[in-house]
Amino acid sequence: MTDEPRDPKSHTEVHRVADPESTRVATYLAQPGEVGRVLLLYSGGLDTSVMLKWIQDEYEAEVVALTVNLGQPGEDYDVVRGKAMQLGALEAHVVDAREEFAREYVLPAIKANADYGDGYPLFTALGRPLIAKLAVEYARRSGCDTIAHGCTGKGNDQVRIEGTVATLAPELKVIAPVRSWAMGRDEEIAYARKHGIPVKGGTETAPYSIDDNLWGRSSEGKWIEDLSHAPDDDVFQLVTRPEEAPDEAEVVEVEFEEGVPVALGGQRMELVPLLEASAALGIKHGVGIVDHIEDRIVGLKVRDIYEVPAAAILLTAHRELERLVGTIHQNQFKPSLDQKWAYLVYAGLWWEPLRTDIEAYVSHVNERVTGVIGLKLYKGSVRVVTRASPNAVYDAQLATFAESGGLFSQQASPGFIELWSLQSRMAHRLRNR
Ligand code: ARG
């Protein structure tokens, strides 16, 4: 028998597989023994209500519920808080974060003309880092060691929330029961029944999966997953269907100061009321309906139905005013930065320094975005009809077909054309010798 040396590498590998730490896919995920008190991001819906009870039973942990008001229309927060307490929450907090959301999240998005994938103005993506930041604050304040959320393992929201928690609070752990518990909807309803958790609405068919705030609303699930299925009317719970919108068009003026919308229809308003008033106008005229196919961060392609009445109005006006005050070079350059900004936000990287680096440029450009844009709203369409700005790089005297009074020499144009086309003409000749 030869004395074969043992392969030290294979030995360690066997050892590593046996180590429970080696099966922990992320260091911030909580193991059962580590969970004592949980801050639960609580919406009041079925998933998070089942979670509220399930976490207490499964981990023998205490639960502090946190509900964040980002301007979801028609939500009764007293009812949500009451439900959390009834399900055994140690504390139940409701935070009105509309002002912070509007100032710190929606406003930079307006200045960056934020749009992902041609049609999605990022309302959910903008809300998640704020919700997660508040979760961290309340978790620390209430002595929690873990944050729980109701996201699935297939979406972008888990990335945005966990990315934020891991960035802002390395000491906190995360659990995501919906991702791990393997309960289907029927089992969840059975669990809810068994534990006296009220289930609102019909339980026969799964409802649309909704997320909303003051910047927009999304619907997913049901027939939306069938790409060949045109939208059923019942999905439009926010915006009036264009067919039913008023027969009379309405012109509204949006005024901006340094990129900030400050007045609507000649009436000065604070940001939150202005966003709400814009939404109300858009809702009335059926604007901001987007049927969107989206490339998610986790690789999936998914269809969403978006209703974004406020964004349809304010982004259209802002983009137009910005182009009016910018030079051709600025106007060609900024969209590439805007697109990068939108992608970082979409992709859950709100805390990435490149985002604020880009904002430094975006804010500087917006210092000149002052003026008034008139929009005509009519049965689902938003069309710019008037523009005015003290900073417009526009001179009616120069642009006119009438005589410019010596300010613009048309006699100089042929000389310009000869030089401007020089390289192109040379290249063309070479190819056609
Ligand atoms: N697809 C959009 C996004 O990723 C909307 C997601 C809505 N979230 C939800 N949990 N229903 O931002």
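1. By class, the shell around the ligand holds seven charged, four polar and three nonpolar residues. Here Asp, Glu, Lys and Arg count as charged, Ala, Val, Leu, Ile, Met, Phe, Trp, Tyr, Cys and Pro as nonpolar, and the others, Gly among them, as polar.

2. This is a predicted model, in which local features need pLDDT of at least 70 and side-chain atom pairs pLDDT 80 or more, while totals for chains, interfaces and linings use all residues. Residues are numbered from 1 along each chain as its sequence is written, and side-chain values use heavy atoms, without hydrogens and water.

3. The ligand is surrounded by 14 residues (a heavy atom within 4 Å). Y120, N156, D157, R160 and E294 are the closest.

4. A polar side-chain atom of Y120 is 2.5 Å from a ligand oxygen atom. For E294, a polar side-chain atom lies 2.7 Å from a ligand nitrogen atom. In D304, a side-chain N or O atom is 3.3 Å from a nitrogen atom of the ligand.

5. The protein buries 88% of the 340 Å² that the ligand exposes when taken alone (Shrake-Rupley method, 1.4 Å probe). Elements giving two or more residues to the shell are α5 (123-141), α6 (157-168), β6 (209-213), β7 (216-220) and β12 (301-307). Helices are DSSP runs of H or I with at least four residues, and strands are runs of E with at least two.

6. Helices α4 (residues 98-111) and α5 pack at about 140 degrees, their axes 10 Å apart. Axes are lines fitted to C-alpha atoms over the stretch in contact, and angles run from 0 to 180 degrees between N-to-C directions.

Methods. A polar contact is a pair of N or O atoms within 3.5 Å; within protein, one must be able to donate a hydrogen and the other to accept it, and residues adjacent in sequence count only if both atoms are side-chain atoms.
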